Protein chains: 4
Amino acid sequence: MRKICVVITARPSYSRIKTALSAIRNHPRLELQLVVAGSALLERYGSAVKYIESDGFIITERVFNILEGENLTAAAKTTGIGILELSTVFENLKPDIVVTIADRFETIATAITASYMNIPLAHIQGGEVTGNIDEKVRHAITKLADYHFAASAGAQKRIHLLGEEKSSIYNTGCPSIDLASEALSNSDINFDIYQKYGGVGAKFKNSEDYIVVMQHPVTNEYQESKCQITETLKAIQELNLSTFWFWPNVDAGSFGTSKGIRSFREKNEVNNIHFFKNMEPTDFLKLLINSKCLIGNSSVGIRECAYLGIPVVNIGSRQQRRDRGTNVIDVNYDKEEIKNAVNSWIYGDQPQKSLVYGGGDAGKQIAEKLAEVELKFHKTIIY
Amino acid sequence: MRKICVVITARPSYSRIKTALSAIRNHPRLELQLVVAGSALLERYGSAVKYIESDGFIITERVFNILEGENLTAAAKTTGIGILELSTVFENLKPDIVVTIADRFETIATAITASYMNIPLAHIQGGEVTGNIDEKVRHAITKLADYHFAASAGAQKRIHLLGEEKSSIYNTGCPSIDLASEALSNSDINFDIYQKYGGVGAKFKNSEDYIVVMQHPVTNEYQESKCQITETLKAIQELNLSTFWFWPNVDAGSFGTSKGIRSFREKNEVNNIHFFKNMEPTDFLKLLINSKCLIGNSSVGIRECAYLGIPVVNIGSRQQRRDRGTNVIDVNYDKEEIKNAVNSWIYGDQPQKSLVYGGGDAGKQIAEKLAEVELKFHKTIIY
Amino acid sequence: MRKICVVITARPSYSRIKTALSAIRNHPRLELQLVVAGSALLERYGSAVKYIESDGFIITERVFNILEGENLTAAAKTTGIGILELSTVFENLKPDIVVTIADRFETIATAITASYMNIPLAHIQGGEVTGNIDEKVRHAITKLADYHFAASAGAQKRIHLLGEEKSSIYNTGCPSIDLASEALSNSDINFDIYQKYGGVGAKFKNSEDYIVVMQHPVTNEYQESKCQITETLKAIQELNLSTFWFWPNVDAGSFGTSKGIRSFREKNEVNNIHFFKNMEPTDFLKLLINSKCLIGNSSVGIRECAYLGIPVVNIGSRQQRRDRGTNVIDVNYDKEEIKNAVNSWIYGDQPQKSLVYGGGDAGKQIAEKLAEVELKFHKTIIY
Amino acid sequence: MRKICVVITARPSYSRIKTALSAIRNHPRLELQLVVAGSALLERYGSAVKYIESDGFIITERVFNILEGENLTAAAKTTGIGILELSTVFENLKPDIVVTIADRFETIATAITASYMNIPLAHIQGGEVTGNIDEKVRHAITKLADYHFAASAGAQKRIHLLGEEKSSIYNTGCPSIDLASEALSNSDINFDIYQKYGGVGAKFKNSEDYIVVMQHPVTNEYQESKCQITETLKAIQELNLSTFWFWPNVDAGSFGTSKGIRSFREKNEVNNIHFFKNMEPTDFLKLLINSKCLIGNSSVGIRECAYLGIPVVNIGSRQQRRDRGTNVIDVNYDKEEIKNAVNSWIYGDQPQKSLVYGGGDAGKQIAEKLAEVELKFHKTIIY
């Protein structure tokens, strides 16, 4: 049995890996070791750990490593503590392969620890382009990883251009599309959204049209977080459509964003927005499938919404240069641009569906490759 | 005044940066912040810190971060502690640019800390190719760094192929060549080598021909370290030439190497080797200039010896695929191959000098660029 | 100039040391080094750091060491990180004496670091008795400390009984009494409490009688935190007096307490309580001076209220066995007991003032002693 | 089954606990969890871990936490790292009781972690008096511990005077006496000491009389370590008796001591000393039993030698005020005093045996108590 240790450090990463986790667990030649760390363990960031457990996964180890401070120094230290803790975890678990996901700042702790301990490292979702601190981290992890599971042909090509052997790069599509595919086959919102998820603000009837907002801070622009979120808040208030709004995840800039939302709500009477802290991924997908438009800068707009054919207004630089379908209109942090884009989706043509991020079997492909690949932790640049 | 914070974590890195340190310190628009960390602070790894101070540099901060254990887990943890400590240091010093050197495992702590704290990061000696754990680290640092000071045209090209903007890559040559150039202009060994550096083993007359050995462990081959060093020991014993041998630096595998040397000495009567722990870089260069051949896997053989035209027998994979002059014969961990190669240099033609690693002004070029470059910590891949 | 390094790790500690800080800063032979750490830096625990700065103190170093998790393991790790960070701070600041305050779990990090680095250690408020985890910590710090500033004669005697030399123990009274003394001389609430401190819930007229509640979790009874707070909430609701209620500070059990309050508010219509997160110490003292009664388990009830002669209903074990004046009625976590005790203060005789915790010059006495004492970090038990 | 987690951080602690480990392992109602940490894991401090394993104990977890630096700051940080690591260990092992041994600086990491995690804590060998940094640590641990296993009646009484309940203090004697008792019943040196332990220096015949030296640095007197050891070296050289000398253990001052020994050997021709790094405890006891005298400041001289009736010359303050038998002559760091004391033992009356540190069944008593005691982690001072 090959021991596959997956480290999940944040709520969004869980959606990106869930179907792969199932496929690993169910694979006859693989044993799943599941490590949950960082903000995925903390209630105020949405307790991803609860969803993981309620989905039936057994958590092998929990690693608390978030240093409070919500500044850049604390983010760096969180990474340092992550390495200290994960070293102990890997020494105890002795995995054959470690899997790290995407590009959040704390994921590099997983990558460095595995690399230094000579444990083969697999990276999910390398090779993408955005244009913030995540980009430094994402490509640095590519240079540390031994196997690359790319989510699109563009990402696959880019990983190769970064100097990695073609034979170590697989375009499996994104596991998050697997979930979107499942959700599409059963997309009724068959629960009371307010009872199940609480939240605060306006409440809407089931029959009403609605839009969804999810806007994260952009790490490198800490000071501007508050201004940026305020433009969106104004646009949504003026559009006066029924709106479900999701709080941002934790990051060096999340404090400015949260502050901006709180401050706007105190100063303005906002009657068309209901705010949620978080939602189970499947429920969130159903909510999207039945919505008129997604606004913000979430990667869900670029990935899942491409496959699902959901209209997206993508704000600012966070998803810059990622491969995308025809379902995305890009705008600046500007109230009017946001309003115009939303209106063009509400009143205009609807987008085509796209397979740019895969066809719904990424999880299975990843598990199969993890069972097959030659174990190695040594590589050299191709150039 | 632009504050330039250079972090030195090991003895070999100091030689690679010394002339740049002088040039930064003497530059009218730069202020040098010098942080000494890791094994550079410890007596049993040669106390690089003493040489740094005796060269007249003022040390701004000392960071102790080596966790004892001499295994891979301890190496990972050392990196984690390094990040924790350097975060505090950078918060206090508030540098405008952080400079990290080369590719040893602990250097990535400097790179990650600076990146996460949004401090522009300069990397000395990226883009090279070797073929061990250092390679993962080196190219990962390239993906984190904002400015690249390459030591050769080949390295410069490779950094660009890794997806970095041409405008952020400078081929300055290697600062270690600056030292070699200085040493060449005054190469007499005008001191008593045994009195100044102690050491143990055989002693030779000044007039005798001699060779030099410096062989480091290769991290990824921990178990084999002892076998590898033993082949070299046997070759040197059988060659029966007067030999100066330098102990390896600290690494996950250094224990095996050290053990191999000790064990060989206990079991064999060795009459032609004198062992040193370390030597001031300038004295070491003089020793090389007057030697017949350098044997081992030190990068000095590839770089300084190219410029100086010194014959080198390079063993194993550690320097694999680095740009090199015509002064190097590559061999495997094989007693006979080593002996044959040494003999071919002793009795055959002598190599040409080469400028592949620069012409002796790298330090000044680096300082000038650090004073000129636009400050930035944000970048995106070119592909 | 003798360098006195005071480490403040939490909001309550600041009130306990404020007048000593002023006296140290103003002393001709002392230099104040002020380190702010732990929850004192964090907004969600009341940002003590802002009050410290607005009081005109210059902060020498900030140390972020709170590891998120709100469980006992995270509390232990927070202490470990505290030691790592404070070691660096003390190495840089080279204080002549380090001052640590009271008994919160993170204060032992200060005590251990100073002890191990051979820096003389002064402890404020040792020798007291409560009956929770704080008690282990408090007396352990006494055994690490070289000078003891006790807040009462009872505490002074107890420190001596713990094996400390009489000559190293000073009964200065508590510096928090100094603040109470100042507040008493100018006790008008000359500001709009709702405008200045926000908060949520009912609002009262200035002229109305009111009571104050402040109840912290008790670390050793994590599971029971929610039940305990609920008894108090019910009592206060049934008493139906105008009430100002303060949120608890951070601790392994604070989550249960906060949850209890939130849950009670959601399920019950509460019309007689206004909730505050925190208040500047001076304003809080004015609020107390003008109140009818303080309910909860805050040490303010035991100390400041003794000097001020304010009636107190003290709930549970947290202040158990502390020296006290005649102003305290002790009750269990029991709705009826709480109600009866409050009513007996509202409708019965008022308490006498007491000097058990000093007469208002503790800060000056502490500074003077710090300037006078012989520097030493070596001691032996008296028995 | 009650889970008993014993943390061993240094070689000397192992001798102090070995028979208790066996008794715990063999007890029908106890399960032994053995954690080996700190210098006990490291080859250059004598690899206690090898002896532990060769004695048949299974090591549950290994914790590397020694930060290199050999200065006081590194000692403090080692403790911080110890807490970080042990928190994870205890979270995984979920022990019912944690056992910490004696008073070395790193043992407080065990005590703090257990206390903060609400795990009942047992302390072996509290209540003793010496007069160095150990004393602060030892008594601080007493204030954190819930059960106290004292090694002598004097220690038992002192723990009570420190404010602990009599019912939580047991005078079991010292487990090291159990080993001395075993060794006495079979005390022949039936092995070739040079072959088994190597070492360097002079070699003596089996039939010769000899003395033994073991002198550790005294933490608080870092600078003087070298001078202190030199006095002993001179005395031993002039006495010109066959001498077995053991290297000091790791401590902030060990560098000075080691340097002193090396430097003396280089400058003087020393013909009567053989140096050992370490020895299995049983062999060491046999060596003592057959020796004429023990010189230095090891606690072995105070404890085991009391039971065994071996003459001791105890140098300096390290064992100051410990209970002792009549087998000890105390002297200062003074060549002449040392020589005179050794001569008075060699040529004078021999000491009586003493049961001051127990009668040889401490390990069994400790295991039995650990199986019986009520589990608790909450206590309050008796005063």
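View 1. Helix α5 (residues 107–116) of chain D lies across β1, β4 (97–101) and β5 (121–124) of chain D, and its direction makes about 160° with that of β4(D). The structure is a predicted model, in which local features need pLDDT of at least 70 and side-chain atom pairs count only at pLDDT 80 or more, while totals for chains, interfaces and linings use all residues. Residues are numbered from 1 along each chain as its sequence is written, and chains are lettered from A and ligands numbered from 1 in the order in which they are written. Helices (H or I, at least four residues) and strands (E, at least two) are DSSP runs, numbered from the N terminus. Angles run from 0 to 180 degrees between N-to-C directions, with axes fitted as lines to C-alpha atoms, for helices over the stretch in contact. Two residues are in contact if their C-beta atoms, placed from the backbone, lie within 7 Å. Helix α2 (residues 18–26) of chain D lies across β1 (2–8) and β2 of chain D, at about 140° to β2(D).

**View 2. The parallel sheet of chain D and its edge strands.** Seven strands of chain D, in the order β3-β2-β1-β4-β5-β6-β7, make up an open sheet with parallel pairing. Two strands pair if DSSP finds at least two bridges between them. The edge strands are β3 (61–63) and β7 (169–171) of chain D, each of which pairs on one side only. From one strand to the next, the twist averages 20°.

**View 3. Strand β1 of chain C between two partners.** Five of the seven residues of strand β1 (residues 2–8) of chain C are buried, so that the strand is mostly covered. Here a residue is buried if 20 or more other C-beta atoms lie within 10 Å of its own, exposed if 12 or fewer, and partly exposed in between, with C-beta atoms placed from the backbone. Strand β1(C) runs parallel to strand β2 (residues 30–37) of chain C, and seven bridges join them. C:Ile4 stands opposite C:Leu32 in β2(C). The chain passes from β1(C) through helix α1 (residues 11–26) of chain C to β2(C) in a right-handed β-α-β crossover. A crossover is right-handed if, with the strands pointing away from the viewer, the path from the first strand over the helix to the second runs clockwise. Strand β1(C) also pairs with strand β4 (residues 97–101) of chain C, in the parallel sense over three bridges. There, C:Ile4 stands opposite C:Ile97 of β4(C).

View 4. Another open sheet of chain D has seven strands in the order β8-β11-β10-β9-β12-β13-β14, with mixed pairing. Each of the edge strands, β8 (200–201) and β14 (328–331) of chain D, has a single partner strand, so one side of each is left without a neighbour in the sheet. Strand β13 (residues 312–315) of chain D pairs with β14(D) in the parallel sense over four bridges, and D:Val313 stands opposite D:Ile329 in β14(D). Helix α10 (residues 225–239) of chain D packs on the sheet, where it touches β9 (211–214), β10 (243–246), β11 (273–276), β12 (294–296) and β13 of chain D. The direction of α10(D) makes about 170° with that of β9(D).

View 5. A:Gln125 is not a glycine, yet its phi is positive, about 75°. A:Gln125 lies in the loop between β5 (121–124) and α5 (133–144) of chain A, and A:Gln125 counts as buried because it has 29 C-beta neighbours inside 10 Å. In chain C, phi of C:Gln125 is also positive, near 70°. C:Gln125 is placed in the loop between β5 (121–124) and α5 (133–144) of chain C, and C:Gln125 counts as buried with 28 C-beta neighbours inside 10 Å.

View 6. Chain B can be laid on chain A with an RMSD of 0.1 Å by a turn of 179° and a shift of 0.0 Å along the axis. The two copies are thus related as by a two-fold rotation axis. Copies are superposed by least squares on the C-alpha atoms of residues with pLDDT of at least 70 in both. The contact takes 38 residues from chain B and 38 residues from chain A. On the side of chain B that touches chain A, the largest share, 12 residues, comes from α3(B).
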